[in-house]
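I opened a notebook page for this structure. I wanted to look up its nonpolar cores and its disulfides.

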Amino acid sequence: MVRPSALKASLTQACISSRPLPFSPTIPPDDANCTSDASFTLVLQLSWDRAWMLDPICRRWHAPVSAAIYVPEPDEHKFNPGSVGQECVHGARFHVEVDRRGGPSTYPVNRLRNAALSQVRTSHFLLADVDHWPMEGLAEQLQATAEKNPAQFASRYTAFVVPTFEHKDLSACDELKDDVPAMETCLEDFAMKESPKTFSDIKQCYLSDTCIMYHEAFPYSHNTTNYPLLFQNPDPHYIRMYDCIQSERYLTYSEQRIRLPDASTRTGTDLAAP
């Protein structure tokens, strides 16, 4: 995946789990015609100004997408819902939330995430930030991995972590930091041109030291993945099982990122990683 806002390229910092229950039986499942018991939806939450990312994401992710989009009322006239996700042709559900509360807005990350999750109609979902772009073929690889590891994917109490990468050099657009529109254009252009697209691209980027482990300064947040050995494993469907992450308290913005695995721990969820 790629994180254009910070020039970060990655596979994904994502968690794969079973779909939330109950779900409405009146909406047909996106996986109705799948030949496997496991199928996957990419779950995203985002602000309206990042909605342009949905098309390049869907060019890489060939499976259903569920996204919740946040629009502050002052920006409502700038956002055209009909233009969103034109290339999401494998099934897409978009929830648009217009914030009419007035005053300074607080991004409701947990509510948006839950709104996107409520739209999932496949057996499993991949939860990620919108600025983490999946490599091309990730949906197909997950499908093949599920077919080779049916027991692990059959349990709704097992979550899987997909490894994440970012660009090592984050300075490409720094000279434009005082011109926000120009910097955003620069970042978008960088994301479209420089983001590793395939597994081979990511491997080359990592081995050349152009890409590094996502949030390398905080290695314990990604210590379920052995990055140096990741590309040496001949089996692309290999997974390792771990006890679920334990958390004692929540801090700042990380609170929403910890709540999900912490809640999973309380329900007996296992954690799996490559």
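My entries on the cores and the disulfides follow.

Entry one, the cores. I noted that this is a predicted model. I looked up the largest nonpolar core and found 40 residues in it. Leu-42, Leu-44 and Trp-61 have the most contacts inside this core. Among the elements that give two or more residues to this core, I listed strand 4 (40-47), helix 1 (54-60), strand 5 (65-72) and helix 3 (138-148). Apart from it I found another core, of 10 residues, including Val-43 and Leu-127.

Entry two, the disulfides. I counted three in the structure. With bonded cysteines counted along the chain, they follow the pattern 1-2, 3-4, 5-6.

Entry three, Cys-58 and Cys-88. Their disulfide has an S to S distance of 2.0 Å. I read a torsion of about 80° about the S-S bond, so I wrote it down as right-handed. The pair links distant parts of the chain, 30 residues apart: Cys-58 lies in helix 1, and Cys-88 in the loop between strand 5 and strand 6 (92-99). Cys-58 is at 3% relative accessibility, so it counts as buried. Cys-88 is buried too, at 11%.

The S to S distance here is 1.9 Å. Cys-173 sits in the loop between strand 9 (165-167) and helix 5 (180-194), and Cys-186 in helix 5, 13 residues apart. I found Cys-173 buried, with a relative accessible area of 1%.

The torsion is about 70°, so I noted a right-handed disulfide. Cys-205 is buried at 9%, and Cys-211 is buried at 2%.

Terms used: Residues are numbered from 1 along each chain as its sequence is written. This is a predicted model: local features need pLDDT of at least 70, side-chain atom pairs count only at pLDDT 80 or more; totals for chains, interfaces and linings use all residues. Side-chain values use heavy atoms; hydrogens and water are left out. A nonpolar core is a set of buried Ala, Val, Leu, Ile, Met, Phe, Trp, Tyr and Cys residues joined through side-chain atoms within 4.5 Å. Buried means under 20% relative accessible area, exposed over 50%, partly exposed in between (1.4 Å probe, protein chains only). Helices (H or I, at least four residues) and strands (E, at least two) are DSSP runs, numbered from the N terminus. A disulfide is a pair of cysteine sulfur atoms within 2.5 Å.
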